[in-house]
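Student: Could we go through the pockets and the surface of this protein together? I would like to start with the pockets.

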Amino acid sequence: MGTDNQTWVSEFILLGLSSDWDTQVSLFVLFLVMYVVAVLGNCLIVLLIRLDSRLHTPMYFFLINLSLVDVSYATSIVPQLLAHFLAEYKAIPFQSCAAQLFFSLALGGIEFFLLAVMAYDRYVAVCDPLRYSAIMHAALCSRLAVTSWVSGSINSLVHTTITFQLPMCTNKFIDHISCEILAVIRLACVDTSSNEVTIMVSSIVLLMTPFCLVLLSYIQIISTILKIQSREGRRKAFQTCASHLTVVALCYGMAIFTYIQPHSSPSVIQEKLISLFYAILTPMLNPMIYSLRNKEVKGAWKKLFWKFSGLTSKLAT
């Protein structure tokens, strides 16, 4: 511990969603079920893609990365949240808080980059289908995935380092469900305007740059789809993008609303709900979106189900 007790705290207290015991128990059960569904859903998507050779394409390679990011993001926040629902003393050590902030920021950034990469993949599939395999080759897909992971991690490392160098004085109560960056910065007993400017600039780069790439991709995609003469052709072309477009709307919409303007940010309760949206709801919904709105994934589920049913029948006889 540092020598200056006024600029160092060894732990933080997370105030969470509620102080009422009955409410906390109800929330524990609800979020536990949602977390289990999210983890199982994403793990099953990864397993399905690995087992079905028809899904060994760039689109599903990136979907595996997205599922791994969703599971990791949820796991960086939800287990600690569940433990605090049943704990009277809701403390998190300084180092654990820093780690949680790093991983949640990194994984969130990685997801935005991956969504932009997936938009480019859909652009090539719709606008240049004859050269799709040549353009989206394995080496390029690997480089794009690695770039997404590295970019998100570097951005998070910079933010985490800057945030936890701020003097926190004796204030250790974080009015949030986790160590979220804006909630932690509020504890500082110095002017944090430079930190808010850093968040602003980073948000523009991390959110708006990939978002603009997604937007440009879909402008080209929509333009190409409208040129298709047959109604059935337009429908099939749109179906290849529907799942990704739905996930993009969910993720980018909420993030831009939350972080682009820190000075006019939402209320504390809104920030908590937004964090829950990303930590639990998005990881739970993404596998459902890609399963229910994607013909290839639905076909793979049916194939796997019949294989499993046939195996069960043989074992029974």
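Student: What volume does the second largest pocket have?

Tutor: In this predicted model, the second largest pocket has a volume of about 280 Å³.

Student: And which residues lie nearest its centre?

Tutor: The second largest pocket is lined by 14 residues, and A116, V117, Y120, L213 and S217 lie nearest its centre. At least two lining residues come from each of α3, α5 (138-163) and α7 (193-227).

Student: How many of the residues in that lining are nonpolar, polar or charged?

Tutor: Nine are nonpolar and five are polar, while no charged residue is present in the lining of the second largest pocket.

Student: What about the largest pocket, how much space lies in it?

Tutor: The largest pocket holds about 370 Å³ of space. Its lining has 14 residues, with Q239, T240, N294, K295 and E296 nearest the centre. Two or more lining residues are given by each of α2 (58-85), α3 (94-127), α8 (231-259) and α10 (295-316).

Student: How does that lining divide by class?

Tutor: The lining of the largest pocket has six charged, four polar and four nonpolar residues.

Student: Changing topic: which residues make the nonpolar surface patch?

Tutor: L32, V36, L40, L44, L47 and L51 make a nonpolar surface patch of about 510 Å². One of these residues, L47, is placed in helix α1 (residues 21-51).

Student: Why does L47 count as partly exposed?

Tutor: L47 counts as partly exposed because its relative accessibility is 44%, and partly exposed covers values between the buried limit, under 20%, and the exposed limit, over 50%.

Notes
Residues numbered from 1 in each chain as written. Predicted model: local features only at pLDDT ≥ 70, side-chain atom pairs only at ≥ 80, totals over all residues. Heavy atoms only, no water. 1 Å grid on protein atoms, 1.4 Å probe; cavity = no way out; pocket = protein on both sides within 12 Å on 5 of 7 lines; lining within 4 Å. Points joined across faces, edges and corners; volume = space filled by probe spheres on them. Helix = DSSP H or I, 4+ residues; strand = E, 2+ residues; numbered from the N terminus. Nonpolar A, V, L, I, M, F, W, Y, C, P; charged D, E, K, R; others polar. Patch = residues over 30% accessible without salt bridge, like charges linked within 9 Å, V, L, I, M, F, W, Y side chains within 5 Å. Areas by Shrake-Rupley, 256 points an atom, 1.4 Å probe, with all protein chains shown as cover. Salt bridge = Lys/Arg side-chain N within 4 Å of Asp/Glu carboxyl O. Buried < 20%, exposed > 50% of the residue type's maximum accessible area, 1.4 Å probe, protein only.
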